[in-house]
Amino acid sequence: MRISVTDRCNERCLYCLPHDVAIEWLPRGQILTYEEILRVARVATELGVTKFRITGGEPLVRKNLPEFIAELNRLPGVTDIGLSTNATLLPALAEPLRRAGVRKVNISLDSLQAERYREISGTGNLRDCLAGIDAAIAAGFPQVKLNAVMIKGKNDDEIFDLIEFAAGKRLPLRFIELMPVSTSEVLSDDNFISIGHVRQVIESKYELVPSAAKHGNGPALYYRANGLPIDLGFIGAMTNLHFCDNCNKVRLTADGKLRPCLGSHMEFDLKSVLRDPTKTDADLRRVFTETIRNKPEQHEFRDNYVPGRKMIAIGG
């Protein structure tokens with residue numbers, strides 16, 4: 001279960017919150033409290049959910065996150081807690097998050113060039129991101145992964161630079177296709193580059209051999225690049241026809257909607273149940289059951305999908 005604890009972010013990446021789109025933060029009263037999220041998580045564990053990933057927006061901008069995660073980690077049945085972050089705030093929070101029980105950290109790193117990083121992220125500072133990566137390594141998280149969203153003409157000339165950086169840090173690196181999670185325009189011919197093409201570029205220098213290593217529960221296909229100490233992952237939501245075959249995820253948005261699929265407008269309201277004093281956990285379980293029963297076999301990204309809400313409000 002992926003839990004978005006906030007729709008706010010200290011960056012505004014091209015593919016998540018495009019720079020020409022007005023920012024419309026949710027009013028704070030519409031965001032679930034930590035207590036409400038923990039109630040949802042407790043019901044989820046009773047239904048068999050054992051793994052959680054904390055997302056945003058940028059989850060580290062929400063106050064008292066380590067304390068919340070520590071409470072989440074205490075729920076019976078929880079076996080794994082992950083975090084998705086841009087890492088710019090990790091230097092001060094990596095140690096507290098590790099002590100709270102975070103085991104896995106996914107870090108966005110779309111460029112190793114300072115000006116380009118700022119262009120893609122909108123407001124980000126590459127130096128802060130790199131410091132966050134080092135802080136995550138120093139904190140001793142059992143797993144740290146790097147994610148690079150590939151954008152034609154923006155960072156596709158950095159494929160080998162990113163690989164060499166990841167290899168130097170001995171961190172798995174995943175290349176990710178653009179998805180229409182904020183606007184459909186991101187999938188223009190000017191922007192989109194397929195994971196198949198990225199693989200072809202890599203194979204001009206390295207032999208790729210399928211890897212049996214497990215790096216999580218996501219849709220990435222992993223390969224070991226001959227001569228490198230790391231695995232490379234490829235996430236192709238648009239071009240991999242079997243992308244959805246093994247998906248067992250459900251997503252809780254910051255404003256209390258339960259979504260069975262990132263690439264579908266379908267969502268079910270938990271907040272109205274949480275804030276109705278006449279409703280019980282049994283009512284929450286019914287919403288969960290309905291959500292899972294309606295989980296689609298495939299996402300809708302390939303069907304001229306027009307996002308209903310920005311990625312930053314969904315939580316990925």
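Reader: Which side chain meets aspartate 231 in a salt bridge?

Author: This is a predicted model, in which local features need pLDDT of at least 70 and side-chain atom pairs count only at pLDDT 80 or more, while totals for chains, interfaces and linings use all residues. Residues are numbered from 1 along each chain as its sequence is written, and side-chain values use heavy atoms, with hydrogens and water left out. A salt bridge is a side-chain nitrogen of Lys or Arg within 4 Å of a carboxyl oxygen of Asp or Glu. At 2.7 Å, N to O, the partner of aspartate 231 is arginine 224.

Reader: Is aspartate 231 buried or exposed?

Author: Buried means under 20% relative accessible area, exposed over 50%, and partly exposed in between (1.4 Å probe, protein chains only). Arginine 224, at 36%, is partly exposed. Aspartate 231 has a relative accessibility of 3%, so it counts as buried.

Reader: How far apart in sequence are the parts that arginine 42 and aspartate 281 tie together?

Author: The closest N and O atoms of arginine 42 and aspartate 281 are 2.8 Å apart, in a salt bridge. Helices (H or I, at least four residues) and strands (E, at least two) are DSSP runs, numbered from the N terminus. Arginine 42 lies in helix α1 and aspartate 281 in helix α9 (residues 281-293), so the distance along the sequence is 239 residues.

Reader: What separates arginine 42 and glutamate 46 in helix α1?

Author: Their side chains also meet in a salt bridge, at 3.6 Å from N to O. An α-helix has 3.6 residues a turn, so residues three or four places apart point the same way. Arginine 42 and glutamate 46 are four residues apart in α1, which means a separation of about one helical turn.

Reader: At what angle do the axes of helix α1 and helix α2 cross?

Author: Axes are lines fitted to C-alpha atoms, for helices over the stretch in contact, and angles run from 0 to 180 degrees between N-to-C directions. The axes of α1 (residues 34-46) and α2 (residues 65-73) come within 10 Å, and the crossing is at roughly 25 degrees.

Reader: Which word describes the direction of α1 relative to α2?

Author: Angles under 35 degrees count as roughly parallel, over 145 as roughly antiparallel, 65 to 115 as roughly perpendicular and the rest as oblique. The crossing angle of α1 and α2 is roughly 25 degrees. Therefore α1 is, relative to α2, roughly parallel.
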